[in-house]
Every structure is written in structure tokens, then in C-alpha cells.
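Here is a short report on one protein chain and its ligand. Look over the sequence and the fold before reading on.

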Amino acid sequence: TGRGEALLVLDQARKQFGGLVAVNDVSFKVRRGEIVALIGPNGAGKSTTFNLITGVAALTAGTVRYDGVEISGTSPRVIARHGVARTFQHVKLNPDMTVLENVALGAHLRGRAGILAAMLRLDRRDEARLLAEAAHQIERIGLAEHMMKPAGSLALGQQRMVEIARALAMDPELLLLDEPAAGLRHFEKTALADLLDRLRAEGMSVLLVEHDMGFVMGLTDHIVVLDFGTKIAEGPPEAIKTHPAVLEAYLGG
Ligand code: ADP
Ligand code: MG
């Protein structure tokens, strides 16, 4: 399974909340080794699309396939085990646990029955391996000096980076990031872009929701645009930048 091949395929994915169509028969692909952005105004259905992909919400209609296998209708745990890791729009770290412990839990989630069961079964060698892997990911995001601090004591931008480290500790093939650059300072955004660039070079695939257009345009291979749940455009950044429907959705023309 090589670079450029379709890894994640949404086919007419639909989500209704009662009468509200949050995701309206949306189709797109993420290929191996590609960074794809999902953009659109607030309420466009971006986070809901992430929830459909990761099994957090059930599709009303349509399918999600991963590496040729239908994953829609399974569970978040099964989907994570396939190699899909995500971060949430709102940080979900345990604020009282250290940065290292938070990331080590991520390293644990892939392929295990659950956090509690995993902790009970953990022997010392497993634990050492896990902590080493977590420490490696924390170094990678440049927060080594904060490893032993409670996660809640870090700045918001740093907590977002810790969430990414936790997702990476799951050793994913596909990384889903919901607004990863929100609240980051300029130098942190640059560091994040560099990290995502390196992950892509290693063959990882990334799907991200992001409002910072400078960030999105400079980094991504492909952009999918949602508006009121409907895909209104997709293509390379250069084409999306000047796409009439996109300009209208953003500028309210
Ligand atoms: P985005 O991430 O693009 O800002 P969302 O996917 O969060 O948009 O939301 C899309 C639409 O679906 C919004 O109108 C939102 O209010 C609605 N929505 C999202 N989650 C739920 C839910 N659990 N129940 C009802 N409506 C929801
Ligand atoms: Mg959202």
C-alpha cells in the first residue's frame, strides 16, 4: 500500500440531527502521505465529519472506508485500532496528570480493551516501553522540559501540542486534527507546520480542520470546503483560494 493511494474514503456521508442536516451527502478522499484540510464557516459540519470518521457519531446514510474496509458502523475503539488517531476541538487532557502520563495513555489506547483494563494488565517492562515512547513524542513536539508538569499548568497552545503528541503515541497512519493551530502563537504554528511536514514525509496522512488560511494554504495538498453541511468545492490550495463559491461562503457575498 503506497503513497498516493486512497486511504480514507467518505462516500455520500450524511448526518442528520432531527431536521438539521449537519453533513449533507459528502464525499472526499484522503490519500496516503497527503495533508488534506477541511475548511468552512462555523457550523459547516467539520467537527461532525470528524465524528463520523472516528465513530463518535453514527452516519445517517453513506459509508466511510479506511484502507478498503468499511469502518462506518463500528466503534471508536475499532477505528483507532485501524490506525486512526484524532485530537478534539476542545482540549481533552487530564489536567492533573503529568504531560508524560497523558501522552503515555495515548500510547496505550491503540489495540487495547480500555484504559483501566490496560493499566491493570500493564507489567513493568510494558510500562517502561510506553513511557519511553511517550517521552519520544513529547521531545518531538518540543516540550521535553515540561514533561513532568501537570498538563493543566501548561499554556493552551502547549496543551494542544500535547494532544497531538498523545495522538502520535498511538502510532497512527491517519491523524485527524480539529483546529490544531487555534490559540497557538506564531512560532508555535511554525513548529506545528514543520512537524506535520515531517510526518507527511514519513508517509503519514493528515486530515485537519483549520481556520488560519495562511497555515492551511502553505501546508496542504488538497482542500475540501464545506458550507451548511454541503461540499461546495475541493481541490489544490491554489484553486481553492480563488474559487468563487468559496469566496462567497467566506465573505458572505
Ligand atoms: P463545525 O465544526 O464546522 O463548526 P459542527 O460539525 O460542529 O460544525 O456542527 C454542524 C452543525 O450541526 C451545527 O449546526 C451544529 O449546531 C449541529 N450539531 C453538531 N453536533 C450536534 C449534536 N450533537 N446535536 C445537534 N446538533 C448538532
Ligand atoms: Mg468544529
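## Where the domains meet

In the contact between the two domains, 11 residues of domain 1 touch 11 residues of domain 2. On the domain 1 side, helix H2 (76-82), strand S7 and helix H7 each supply at least two residues. H7 gives the most, with three residues. By class, this side of domain 1 has seven nonpolar, one polar and three charged residues.

The model is predicted. Its domain assignment gives domain 1 as 1-83 + 174-253 and domain 2 as 93-171. The centres of domain 1 and domain 2, taken over C-alpha atoms, are separated by 25 Å.

## The sheet

An open sheet of six strands runs in the order S6-S7-S8-S3-S9-S10. The pairing is mixed. Strand S6 (84-86) and strand S10 (230-235) are the edge strands, and each pairs on one side only. From one strand to the next, the twist averages 15°.

In general, strands of a sheet pair through backbone hydrogen bonds, either parallel or antiparallel. In which sense do strand S7 and strand S8 pair? S7 (residues 174-178) and S8 (residues 205-209) are parallel, joined over five bridges. Take leucine 175: its bridge partner in S8 is valine 206.

## Helices on the sheet

Helix H1 (residues 46-54) packs on the sheet. H1 touches strand S3 (35-39), S6, S7, S8 and strand S9 (222-227). The direction of H1 makes about 150° with that of S7.

Helix H7 (residues 186-201) lies across S3, S7 and S8. H7 runs at about 145° to S8.

## Around ligand 1

Which residues surround ligand 1? The shell holds Phe17, Leu20, Ala22, Gly40, Asn42, Gly43, Ala44, Gly45, Lys46, Ser47 and Thr48. Strand S2 (20-31) and H1 are the elements that give two or more residues to this shell. The largest share comes from H1, with three residues.

By class, the shell around ligand 1 divides into four nonpolar, six polar and one charged residue.

How values were computed. Residues are numbered from 1 along each chain as its sequence is written. Chains are lettered from A and ligands numbered from 1 in the order in which they are written. This is a predicted model: local features need pLDDT of at least 70, side-chain atom pairs count only at pLDDT 80 or more; totals for chains, interfaces and linings use all residues. Two strands pair if DSSP finds at least two bridges between them. Helices (H or I, at least four residues) and strands (E, at least two) are DSSP runs, numbered from the N terminus. Axes are lines fitted to C-alpha atoms, for helices over the stretch in contact, and angles run from 0 to 180 degrees between N-to-C directions. Two residues are in contact if their C-beta atoms, placed from the backbone, lie within 7 Å. A residue is near a molecule or strand if its C-beta atom, placed from the backbone, lies within 6 Å of it. Ala, Val, Leu, Ile, Met, Phe, Trp, Tyr, Cys and Pro count as nonpolar, Asp, Glu, Lys and Arg as charged, and the others, Gly among them, as polar. Domain bounds come from an automatic or database domain assignment.
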